[in-house]
Amino acid sequence: MSEEIELIPPAPVVRDENGFFQHPDLPDFDEGDGDNCKVWITAQRLQVKMVKLEYHSNEAISEHYFEAGDPDCSYWEPDRPEGEGWFCLAIHDTDDGPVCWWALQRRLRWVGSDLLAWRRVIGVEGQERPGLSTA
């Protein structure tokens with residue numbers, strides 16, 4: 001038995017006045033929610049890569065941000081990972097400066113207990129359902 005979940009689609013990146021962005025379908029994970037975030041990423045069939053402004057391919061961009069002392073990073077266009085299909089999940093600030101989270105949908109199928117774990121995260125646990133594995 002297989003079960004379909006609604007996968008997060010690419011969305012237009014509309015950055016705020018400081019250049020930050022959060023995909024409208026990305027849940028608001030708190031700082032200690034690393035495990036829940038990993039379960040969500042798995043359930044969404046995503047490969048995720050983080051790109052830091054600090055290591056931008058254009059060193060002048062990085063130098064400008066860290067020398068200015070201004071939270072505005074709207075001029076930064078994060079380097080997209082190589083390959084087709086990558087879309088932006090978020091651009092946000094960290095203790096080490098702005099980062100961009102890029103996502104790529106992977107081809108997976110449901111076959112075990114990972115979906116049950118995801119159902120616990122979103123509060124609909126109960127019935128046994130199939131989980132994820134690579135196809």
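## Strands and the sheet

Two strands count as paired if DSSP finds at least two bridges between them. The strands themselves, labelled E, are DSSP runs of at least two residues, while helices (H or I) need at least four, and both are numbered from the N terminus. Everything here comes from a predicted model, where local features need pLDDT of at least 70, side-chain atom pairs count only at pLDDT 80 or more, and totals for chains, interfaces and linings use all residues. Residues are numbered from 1 along each chain as its sequence is written, and side-chain values use heavy atoms, with hydrogens and water left out.

Now for the sheet. Strands of a sheet pair through backbone hydrogen bonds, either parallel or antiparallel. Here four strands make an open sheet in the order E1-E3-E4-E2, with antiparallel pairing. E1 and E2 are the edge strands, each pairing on one side only. E1 is joined to E3 by two bridges, and Phe21 has Ile91 as its bridge partner in E3.

## Cys100 in strand E4

Let's zoom in on Cys100, which sits in strand E4. What are its bridge links? Cys100 is the bridge partner of Val51 and also of Ile91. Is Cys100 buried or exposed? Cys100 counts as buried because its relative accessibility is 0% (buried means under 20% relative accessible area, exposed over 50%, and partly exposed in between, using a 1.4 Å probe and protein chains only). E4 as a whole is mostly covered, with five of its seven residues buried.

Leaving out residues up to four places away in sequence, Cys100 is in contact (heavy atoms within 4.5 Å) with several residues, including Lys49, Met50, Trp76 and Pro78. Cys100 and Glu77 are 23 residues apart in sequence, and their C-alpha atoms are 9.4 Å apart in space.

## Two nonpolar cores

A nonpolar core is a set of buried Ala, Val, Leu, Ile, Met, Phe, Trp, Tyr and Cys residues joined through side-chain atoms within 4.5 Å. The largest one has 14 residues, and those touching the most other members are Leu53, Cys73, Trp76, Cys88, Ile91, Cys100 and Trp102. H2, E3 (87-92) and E4 (99-105) each supply at least two residues of this core, and E4 gives the most, with three. Apart from this core lies another, of nine residues, among them Leu26, Trp40, Phe87 and Leu89.

## His56 in its loop

Where is His56? His56 is found in the loop between strand E2 (46-52) and helix H2 (59-68). With a relative accessible area of 12%, His56 is buried. Its side chain reaches the backbone nitrogen of Asn58 at 2.8 Å; a polar contact is a pair of N or O atoms within 3.5 Å, where, within protein, one must be able to donate a hydrogen and the other to accept it, and residues adjacent in sequence count only if both atoms are side-chain atoms. Beyond four places in sequence, His56 touches Ile61, Trp76, Glu77, Pro78 and Asp79.
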